[in-house]
Amino acid sequence: MLALHYIENDAPFPPVDEALSEPNGLLAFGADLSPRRLFSAYSQGIFPWFSDDEPLLWWSPDPRAIIELDGFCASKSLRKLARQQRYVVTLNHAFERVINACSSIPRATPSGDDVSNETWITEDMKNAYSQLHGLGLAHSVEVWEEDQLVGGLYGVGIGKVYCGESMFHTKSNTSKLAMYALVKHMQKQNMAFIDCQLPTDHLSSLGAITLSRKQFIEKLQANNHTLNSEGELCTNYVTQWQPQVLNL
């Protein structure tokens with residue numbers, strides 16, 4: 001019988017290759033959601049995922065889903081929507097509004113026959129990622145129809161990698177438009193890829209591929225240039241994520 005690692009607040013994560021195969025990628029429980037812990041986790045290919053009635057769980061699945069920037073699949077209808085300039089897309093203009101929307105938007109149940117308001121984005125998670133955003137490490141993309149927020153996504157930036165967490169839309173294709181704008185921005189900034197965590201049919205339709213956990217970690221480490229020798233955010237990293245209107 002395999003025992004799940006428990007980690008104290010000041011203890012390091014166990015090696016990711018010690019994650020369980022069932023459930024896939026469950027690595028440890030415990031610790032906290034401090035900015036230091038979250039940054040350490042994402043830098044090692046680990047992320048938190050748990051519900052209100054569960055302990056704090058940490059994951060590093062195998063295989064791992066990513067979107068290579070040149071492999072993003074934009075449908076004809078999505079490219080047409082971008083050309084119409086019906087919406088304005090921004091970067092890091094309304095992080096808390098995006099994460100709140102992601103946590104509250106009704107989503108289809110696995111059966112597809114109903115919708116649910118249940119979410120893994122708990123109040124503790126929202127507070128933690130908002131703190132991370134305040135430190136310049138978590139980033140949002142917003143889609144606006146005039147002054148109304150109608151779509152968006154948020155995640156964590158590790159060097160040249162964007163670790164996606166969640167997205168939402170209230171108008172058709174606006175979450176995909178946010179992803180499209182993010183990809184174009186990352187290409188312009190000579191960034192690397194988007195971490196999508198677990199493969200889904202939706203992500204596959206956008207061009208997501210899977211890598212082994214070992215391949216993913218190697219690729220992440222090769223692009224993890226977030227802090228300088230003084231432990232501060234690199235100038236280039238800060239420049240990449242300046243609040244701005246994104247070109248479509």
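## The four-stranded sheet

Two strands are said to pair if DSSP finds at least two bridges between them. In this predicted model, pairing of that kind builds an open sheet of 4 strands, which follow one another in the order E1-E2-E4-E3 with mixed pairing. Strand E1 (5-7) and strand E3 (47-48) are the edge strands of this sheet, and each of them pairs on one side only.

Inside the sheet, strand E2 (residues 26-30) and strand E4 (residues 57-59) pair in the antiparallel sense over 3 bridges. Ala28 has Trp58 in E4 as its bridge partner. In general, the strands of a sheet pair through backbone hydrogen bonds, and they may do this in either a parallel or an antiparallel way.

## The eight-stranded sheet

A second open sheet has 8 strands, in the order E13-E5-E12-E11-E10-E9-E6-E14, and its pairing is mixed. Its edges are formed by strand E13 (209-211) and strand E14 (244-245), each of which pairs on one side only.

Within this sheet, strand E11 (residues 161-169) and strand E12 (residues 193-197) pair in the parallel sense over 3 bridges, and Cys163 stands opposite Asp195 in E12. Helix H4 (residues 123-134) packs on the sheet, where it touches strand E9 (138-145), strand E10 (148-158) and E11. The direction of H4 makes about 95° with that of E9.

## Helices that pack against H4

Helix H1 (residues 35-43) packs with H4 at an angle of about 85°, and the axes of the two helices are 9 Å apart. Since angles of 65 to 115 degrees count as roughly perpendicular, H1 is described as roughly perpendicular to H4. On the H1 side the contact is made by Pro35, Leu38 and Tyr42, while H4 contributes Ala128, Tyr129, Gln131 and Leu132. Sorted by class, the contact of H1 with H4 has 6 nonpolar residues, 1 polar residue and no charged residues.

Helix H3 (residues 95-104) also meets H4: their axes come within 10 Å and cross at roughly 155°. Angles over 145 degrees count as roughly antiparallel, and H3 and H4 are therefore roughly antiparallel to each other. The crossing in which H3 passes H4 is right-handed. Phe95, Glu96, Ile99, Asn100 and Ser103 in H3 meet Met125, Lys126, Tyr129, Ser130 and His133 in H4, and the residues of this contact divide into 4 nonpolar, 4 polar and 2 charged.

Most residues other than glycine have a negative phi, and most peptide bonds are trans. Against that background, the peptide bond from Glu22 to Pro23 is cis, with omega near -5°, and Pro23 lies in the loop between E1 and E2. Another cis peptide bond joins Asp62 and Pro63, with omega about 10°, and Pro63 is found in the loop between E4 and strand E5 (64-68).

Gln85 is not a glycine, although it has a positive phi of about 55°. Its place is in the loop between helix H2 (76-84) and strand E6 (88-91).

## Confidence in the model

The mean pLDDT of the protein is 92, and 94% of its residues reach 70 or more. Over residues 107-116, however, the pLDDT is below 50, and this stretch has 15 contacts in the model beyond near neighbours in sequence. Where pLDDT is low, the predicted coordinates should not be read in detail.

Methods: Residues numbered from 1 in each chain as written. Predicted model: local features only at pLDDT ≥ 70, side-chain atom pairs only at ≥ 80, totals over all residues. Heavy atoms only, no water. pLDDT = per-residue confidence, 0-100. Contact = heavy atoms within 4.5 Å. Axes fitted to C-alpha atoms, helices over the stretch in contact; angles between N-to-C directions. Parallel < 35°, antiparallel > 145°, perpendicular 65-115°, else oblique. Nonpolar A, V, L, I, M, F, W, Y, C, P; charged D, E, K, R; others polar. Left-handed = near helix turned anticlockwise from the far one by under 90°.
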